[in-house]
Amino acid sequence: MKLQRIIEKHWYLKSDLLLTILLLPLSLIYELITTIRRYLFKLKIKPSTRLAVPVVIIGNISVGGAGKTPLTKYLAQTLSTQGIKVGIILRGYKGTHKDAKIVSAQDDSLEVGDEALIYAQAGHRVAIGAKRVAAGKLLLRQFPDTQLILADDGMQHYYLDRDLEICVVDSSRMFGNQQVLPLGPLREPMNRLNRVDALVVNGNYNHASLDQILLPYQKPIYYQELEFVHFFNPVTQTIACVAEMKNTSIMAMAAIGNPGRFFDYLEQLGLKINQWQAFPDHYHYQAADINPKYAIITTEKDYTKLAQFKADNIWIAVVQAKLNNEKLIDSIKDLIK
């Protein structure tokens, strides 16, 4: 954890000369490997597979949380309400199940992954698999009337051909020092943005700085905000507003890619947080992590793993994504013949 904090500080806050010297050779090797890999797919030496329906990738070029899950959920819900039959495929990150599998609302997040369970519990058609092509084919066999597939976090999974790519950017962290791993947080170099179809900026931080960074790539830019709905206690089936939580001793708890963004969001709502508890992304919670002294506020994603403890002091901050305009939806609908 200490090494992780040192490296993330180097990525996002202040560069360290010694770390730069140590990590630069590894970063050059990593970039060479990713470039060769990309050209192998471009030259058809490595095959990409096209599914029977259009595929939209919702991904990013940096590590950590950027806001892909709320965007994917928003797109799926919006398109579904407009009569389009949508399926979602994803790896099922940190889940124990590796083969292709249809996910149901009753599955265990430890098996299928947090995000997959969120989508299934929202009523969407979901398939997971380390091989996204296999997951997509399984979903189409199970639901043959599916018209469109949204692929959560598949931008670097070139085995799956795609009709449209959406790159999600966290406006609080942006691209850090704009270097590839391990010198920086990027999975692919910045020039990868030249090949995406749209950029979605998550959050309202640093818009002016980020717009300046994104301007050279001349891609449509959309802005995603997370609108607060209410706090929900799944055990007591109780709903609370911000005012009802203000006189409560609160612990904010999260194990997501960027927990600081969630904590800041709660403070912006006007809550006084008595204790913060951040865990590594996709951390598997233990009963001892639940402090009975506090009302614990967490994310929908975190609760997929906390539900097993049936603690009545845990509240979900329910939010919904909203885009600044509907042109992205129209671009996706244009893919469907």
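Biologist: Is Ser 171 buried or exposed?

Modeller: Ser 171 has a relative accessible area of 0% and is therefore buried, a term for values under 20%, with exposed meaning over 50% and partly exposed in between (1.4 Å probe, protein chains only). This is a predicted model, in which local features need pLDDT of at least 70 and side-chain atom pairs count only at pLDDT 80 or more, while totals for chains, interfaces and linings use all residues. Residues are numbered from 1 along each chain as its sequence is written, and side-chain values use heavy atoms, with hydrogens and water left out.

Biologist: Where does Ser 171 lie?

Modeller: Ser 171 belongs to the loop between β6 and β7; strands (E, at least two residues) and helices (H or I, at least four) are DSSP runs numbered from the N terminus. Pro 189 is 18 residues from Ser 171 in sequence, and their C-alpha atoms are 18 Å apart in space.

Biologist: Which peptide bond is cis?

Modeller: Most peptide bonds are trans, and most residues other than glycine have a negative phi. Here the bond from Leu 181 to Pro 182 is cis, its omega being near -5 degrees. Pro 182 is placed in the loop between β6 (164–170) and β7 (198–202).

Biologist: What is the phi of Asp 153, and what is that of Lys 310?

Modeller: Asp 153 is not a glycine, yet its phi is positive, at about 65 degrees. This residue sits in the loop between β5 (148–152) and β6, and a relative accessible area of 28% makes Asp 153 partly exposed. Lys 310, also a residue other than glycine, has a positive phi near 50 degrees. Its loop runs between α10 (300–306) and β13 (314–323), and Lys 310 counts as exposed because its relative accessibility is 61%.

Biologist: Which residue with a positive phi follows α9?

Modeller: Gly 270 follows α9, and its phi is positive, near 105 degrees. Within helix α9 (residues 259–268) the buried residues include Pro 259, Arg 261, Phe 262, Phe 263, Tyr 265 and Leu 266.

Biologist: Which residues does Val 56 touch?

Modeller: Val 56 lies in strand β1 (residues 55–59) and, with 0% relative accessibility, counts as buried. Leaving aside residues up to four places away in sequence, Val 56 is in contact (heavy atoms within 4.5 Å) with Leu 148, Ile 149, Leu 150, Ala 151, Leu 164, Ile 166, Ile 332 and Leu 335. By contrast, Ala 311 is 255 residues from Val 56 along the chain, and their C-alpha atoms are separated by 38 Å.

Biologist: Where is Arg 50 found?

Modeller: Arg 50 is in the loop between α2 (17–42) and β1. With residues up to four places away in sequence not counted, Arg 50 touches Asp 161, Arg 162 and Asp 163. Tyr 159 is 109 residues from Arg 50 in sequence, with 8.9 Å between the C-alpha atoms.

Biologist: How many disulfides does a search of the whole structure find?

Modeller: A disulfide is a covalent bond between the sulfur atoms of two cysteines. The search of the whole structure finds zero disulfides, with a pair of cysteine sulfur atoms within 2.5 Å as the criterion. Cys 167 is buried at 0% relative accessible area, whereas Cys 241 is partly exposed at 35%.

Biologist: At what angle do the axes of α3 and α5 cross?

Modeller: Two packed helices are described by the angle between their axes and the distance between the axes. The axes of α3 (residues 68–81) and α5 (residues 114–121) come within 11 Å and cross at roughly 25 degrees. The two helices are therefore roughly parallel to each other, a term for angles under 35 degrees, with over 145 roughly antiparallel, 65 to 115 roughly perpendicular and the rest oblique.

Biologist: Which residues in α3 and α5 meet?

Modeller: Lys 68, Thr 69, Thr 72 and Lys 73 in α3 meet Glu 115, Ile 118 and Tyr 119 in α5.

Notes. Axes fitted to C-alpha atoms, helices over the stretch in contact; angles between N-to-C directions.
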